[in-house]
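Open the model in your viewer and keep the selection tool at hand. The tour goes from a pair of helices to a core and then to one residue.

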Amino acid sequence: MTTKPPYHHGNLREALIDAAYGLARAGGPDAIVVREASRRVGVSHNAAYRHFPDRESLLERVGERALAELAARMQRLIDRTDPDDRSLPAARARLRATGRAYVEFAIAEPGLFRTAFRAAGEHLGEGGSLPPGPFQLLSGVLDGLDRAGGIAPGARPYAEFAAWSGVHGFSTLVLDGPLGAIPAPEREAALDQLFTTIESGLAGRPPARGSPRAP
């Protein structure tokens, strides 16, 4: 009697993540189902469970990839400002670039955006530390703003949370609230005002008119 050899896949784990990433892109975190990812790859769900014992473990990997894509978009926009320019206007432009990339990702990829922050919620909590990727970029940009004199003495602690809350709230209002229904020029003006308010709050001064936009 011969036994059928076990199924082998060149890289089944990554193939399943790819399939689940497509599900998330189309339908957000609730669309990630191990059985459906298995079907798309062409394996049994039992084979998939050897790599992902439950849905949450697959969701976590997809969320990490979505966060990495967001971070890459943020870095590309940040890099449009000369890295050797340590002036205050350049530091503010990098902060705006960070926020703009975040909002643009939410609008362009709502399914991945929602999935990324479902996963981020799983990581946030131990000592109040932020998960890697976008949050490390934001922290680095704020450190640069601080060195350039754009943050008032004593205002640097928890600035990540203040800036993050602003752009995340704005993104959520665009995706699921009234900001999604307003004309694009008005939404752009509102985003510009948000950046001005964040800058002014960090600097400890009233908002200045005509603040520069990110490149």
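In which hand, left or right, does H8 pass H9 in their crossing? This is a predicted model, where local features need pLDDT of at least 70 and side-chain atom pairs count only at pLDDT 80 or more, while totals for chains, interfaces and linings use all residues. Residues are numbered from 1 along each chain as its sequence is written, and side-chain values use heavy atoms, without hydrogens and water.

Select helix H8 (residues 159-176) and helix H9 (residues 184-203): their axes come within 11 Å and cross at roughly 165 degrees. H8 is therefore roughly antiparallel to H9 (angles over 145 degrees count as such). The crossing of H8 past H9 is right-handed (the near helix is turned clockwise from the far one by less than a right angle). Residues in the contact (heavy atoms within 4.5 Å) include Gly166 and Phe170 of H8 and Arg187 and Leu194 of H9.

Next, go to the largest nonpolar core, a set of 56 residues (buried Ala, Val, Leu, Ile, Met, Phe, Trp, Tyr and Cys joined through side-chain atoms within 4.5 Å). Among the members that touch the most others are Leu58, Val62 and Leu202. Helix H4 (residues 55-78) gives the most to this core, ten residues.

Finally, select Thr115 in helix H6 (residues 110-123). Thr115 has a relative accessible area of 0%, so it counts as buried (under 20%, with a 1.4 Å probe and protein chains only). Leaving aside neighbours within four places in sequence, Thr115 contacts residues including Val62, Leu59 and Pro29. Gly27 lies 88 residues from Thr115 in sequence, yet their C-alpha atoms are 9.3 Å apart.

Notes
Axes are lines fitted to C-alpha atoms, for helices over the stretch in contact, and angles run from 0 to 180 degrees between N-to-C directions. Helices (H or I, at least four residues) and strands (E, at least two) are DSSP runs, numbered from the N terminus. Angles under 35 degrees count as roughly parallel, over 145 as roughly antiparallel, 65 to 115 as roughly perpendicular and the rest as oblique. Buried means under 20% relative accessible area, exposed over 50%, partly exposed in between (1.4 Å probe, protein chains only).
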